[in-house]
Amino acid sequence: MSASSDHVVVVGLGFGDEGKGAVVDALCRAGETSAVVRFNGGAQAAHNVVDGDRHHTFSQFGSGTLAGVPTWLSPHVLVEPMALAAEARELAGIGVPDPLSLVSVAGGALLTTPFHVLANRAREDARGAGRHGSCGKGIGETVWYSLLSERAARVGDVVEGQEVLGAFGDAPVVADCLRPDVLRRKLDALARFYAPLATARWSVAELVSMYRDFADAVRITGDDEVGRLAARGRLVFEGAQGVLLDQWRGFHPHTTWSTVTPDNARALLGGLPARVVGVTRTYQTRHGAGPMPTEDAAVAARFPERHNGIGRYQGAWRAGHLDAVLLRHAVAACGGVDGLAVTHLDAVGAGVLVAEAYEVDGRRVARLEEVVGPGGPTPDPRVAELLGRVEPVLVEQADPVGWLERELGAPVVVTGAGPDRSDYRVRVPVPR
């Protein structure tokens with residue numbers, strides 16, 4: 001990798017938890033990197049990097065932080081200032097000096113506030129057994145509220161499945177933290193709008209003060225910062241969640257309110273060359289509700305998860321066999337990948353079971369478009385229903401790395417064979 005100065009976009013090819021954080025850290029250590037750019041998601045990211053006795057779960061900070069690489073939170077990221085401050089304290093506690101000096105934030109990024117978080121949790125609680133699998137971090141609510149002004153909604157309208165119950169204002173953005181009067185007006189509107197669902201423990205005045213401190217602690221940039229950062233050297237774009245949760249190519253309603261595919265990164269680069277690295281484990285994982293055709297309790301028992309557990313809102317940690325049908329869909333959704341990163345190779349043993357196809361409605365299919373029509377799945381809940389009743393056709397593969405290269409048509413360029421960053425290897429530069 002160090003032989004190439006092209007920018008790198010790291011995306012997960014599953015439902016999240018593929019090992020993107022450790023892969024980003026490995027890439028940052030393998031070659032000089034100007035910055036890690038977060039290009040989607042928000043404070044719900046959970047990217048683990050283990051360095052001997054040190055461990056950190058990266059949420060908003062880029063996973064190159066332990067390698068000394070700064071982070072830029074792009075306008076496609078939802079920024080939660082209080083969570084960012086808490087994460088900075090955690091990083092300082094494991095020896096990172098002045099973590100907030102390593103962060104810059106696009107002024108146009110949406111702010112996630114306590115009102116969004118509490119409303120998100122209230123809605124998910126109300127769904128009962130029909131929960132979507134939300135992390136409870138206010139991500140979807142932040143995006144949804146921003147759509148109301150954008151779509152000129154009115155009280156009583158239904159926007160993305162949720163009714164507009166009262167008057168609303170413009171969505172707050174990071175740049176508002178530099179303009180207390182503007183921020184106060186927007187937060188007042190938020191507080192009134194969400195009062196029927198939840199009331200934050202902090203007053204609007206307290207939030208304005210805290211957000212002003214946040215603006216003093218980090219550098220707030222224009223939304224076109226990528227050009228300046230790219231002029232200094234290679235960028236590593238760090239995706240959050242996985243392509244199978246993408247708002248356009250995932251399986252509703254169990255999706256994130258975020259574009260997980262490389263589209264945002266490519267738009268930010270504005271035509272500058274970049275290579276896409278897709279990340280997968282040697283087995284399938286999922287956190288929370290939603291379809292998972294190869295789920296197998298024996299796999300979950302065999303590979304206990306050190307850094308993932310049951311989340312109050314997200315639900316249980318789940319595992320199963322590697323799913324070639326879903327991998328093919330994820331790669332196609334990305335527009336192809338230039339290289340692969342394969343993690344958890346230490347879990348392989350004598351080989352892995354792979355679902356090379358599904359049996360559904362009396363026939364065998366190897367690609368999702370064979371059952372959902374040309375172009376692949378859409379945000380149609382019937383696709384999730386279909387995935388809930390297919391039967392995987394399992395085949396043993398003794399060499400998962402070689403099989404993945406042949407199956408997905410891309411070389412494996414990063415491998416991970418253990419939890420520690422020392423267990424990761426950057427094998428070759430990502431080919432052009």
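Analyst: Of the 432 residues of the chain, 58% count as buried. Here buried means under 20% relative accessible area, exposed means over 50%, and partly exposed is what falls in between, with a 1.4 Å probe and protein chains only. Before going on, a caveat: this is a predicted model, so local features need pLDDT of at least 70, side-chain atom pairs count only at pLDDT 80 or more, and totals for chains, interfaces and linings use all residues. Residues are numbered from 1 along each chain as its sequence is written, and side-chain values use heavy atoms, with hydrogens and water left out.

The largest nonpolar core has 53 residues, and Phe237 and Phe251 have the most contacts inside it. Such a core is a set of buried Ala, Val, Leu, Ile, Met, Phe, Trp, Tyr and Cys residues joined through side-chain atoms within 4.5 Å. Helix H10 (residues 324-333) is the top contributor to this core, giving seven residues. Apart from it lies another core, of 49 residues, and Leu91, Leu110, Leu190 and Ala215 are among them.

Let's pick some individual buried residues. Leu147 lies in helix H4 and is buried, with a relative accessible area of 10%. Leaving aside neighbours within four places in sequence, Leu147 is in contact with Val159, Glu160 and Trp257, where contact means heavy atoms within 4.5 Å.

Arg281 and Thr343 are 62 residues apart in sequence, yet their C-alpha atoms are 4.7 Å apart in space.

Thr294 is a buried loop residue: Thr294 sits between strand E12 (284-287) and helix H9 (297-302), with a relative accessible area of 3%. Beyond its neighbours within four places in sequence, Thr294 is in contact with Gln284, Gly320, His321, Leu322, Asp323, Ala355 and Pro392.

For contrast, Ala83 in helix H2 (residues 81-93) counts as partly exposed, at 25% relative accessibility. Outside the four places on either side in sequence, Ala83 is in contact with Ala43 and Gln60. The C-alpha atoms of Ala83 and Tyr424, 341 residues apart along the chain, are separated by 28 Å.

A cis peptide bond joins His252 and Pro253, with omega about 5°, and Pro253 lies in the loop between strand E10 (235-238) and helix H8 (263-269). Ala152 has phi near 50°, a positive value in a residue other than glycine. Ala152 is in the loop between helix H4 (139-150) and strand E7 (158-159) and counts as exposed, at 58% relative accessibility. Asp361 has a positive phi too, about 55°, although it is not a glycine. Asp361 is found in the loop between strands E16 (352-360) and E17 (363-365) and is exposed, with a relative accessible area of 58%.

Stepping back to the whole chain, there are 13 helices and 20 strands; these are DSSP runs numbered from the N terminus, helices being H or I of at least four residues and strands E of at least two. With 432 residues, a compact globule would have a radius of gyration near 22 Å, and the chain's 21 Å agrees. That radius is taken over C-alpha atoms, and the globule rule is 2.2 Å times the number of residues to the power 0.38. The C-alpha atoms fill a box of roughly 60 × 50 × 40 Å along the principal axes. Among contacts between residues at least 6 apart in sequence, 76% join residues at least 24 apart.
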